[in-house]
Amino acid sequence: MKAILYARVTTSDQREASLDDQLRECEDLCRREGFSIVGRETDHGISGESTDRPSYQRVLRAIERGDADVIVAHELTRLWRSQAEQYTQVEQFEFRGRHVVTCAECVNDFGTPGVMSLESK
């Protein structure tokens with residue numbers, strides 16, 4: 001699977017390294033799962049409640065175009081703070097057969113802990 005990684009920190013008070021830490025965990029997960037990394041996107045100092053995040057929008061476009069099959073993030077809150085936005089995107093991902101994988105949550109839908117499939121069954 002082709003994976004695009006996404007990391008986000010909300011405020012400039014957070015350590016810049018936390019973006020690097022998030023990406024490193026995502027890269028480790030991709031290695032374990034055999035995902036091919038096709039991109040890395042980060043948003044710094046932008047709330048997850050906003051959809052006007054430049055890198056977040058690039059991730060969504062990559063999924064829409066089929067450039068990536070799976071979004072890998074440290075946790076769901078890095079992608080979404082709004083349940084309405086999460087629901088909207090989940091519907092779109094289901095339609096396209098795309099996935100979201102997180103490092104921190106213990107969701108198991110691919111048969112591997114930490115992997116959540118948003119694909120319709």
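I began with D28, which forms a salt bridge with R31 (a side-chain nitrogen of Lys or Arg within 4 Å of a carboxyl oxygen of Asp or Glu), the closest N and O atoms being 2.3 Å apart. The model is predicted, so I kept in mind that local features need pLDDT of at least 70 and that side-chain atom pairs count only at pLDDT 80 or more, while totals for chains, interfaces and linings use all residues. Residues are numbered from 1 along each chain as its sequence is written, and side-chain values use heavy atoms, with hydrogens and water left out.

I then placed this pair: D28 and R31 both sit in helix α1, three residues apart, about one turn of the helix (helices are DSSP runs of H or I with at least four residues, strands are runs of E with at least two, and both are numbered from the N terminus). D28 is partly exposed at 31% relative accessible area, whereas R31 is exposed at 59% (buried means under 20%, exposed over 50%, partly exposed in between, with a 1.4 Å probe and protein chains only).

Next I looked up R40, whose side chain meets that of E27 in a salt bridge of 2.7 Å, N to O. This pair links distant parts of the chain, with R40 in strand β2 (residues 36-44) and E27 in helix α1 (residues 17-33), 13 residues apart. I noted R40 as partly exposed, at 46% relative accessibility.

Last I turned to R78 and E75, which form a salt bridge at 3.9 Å, N to O. R78 counts as buried at 8% relative accessibility, while E75 is partly exposed at 24%.

For the tally, I recorded six salt bridges by this rule.
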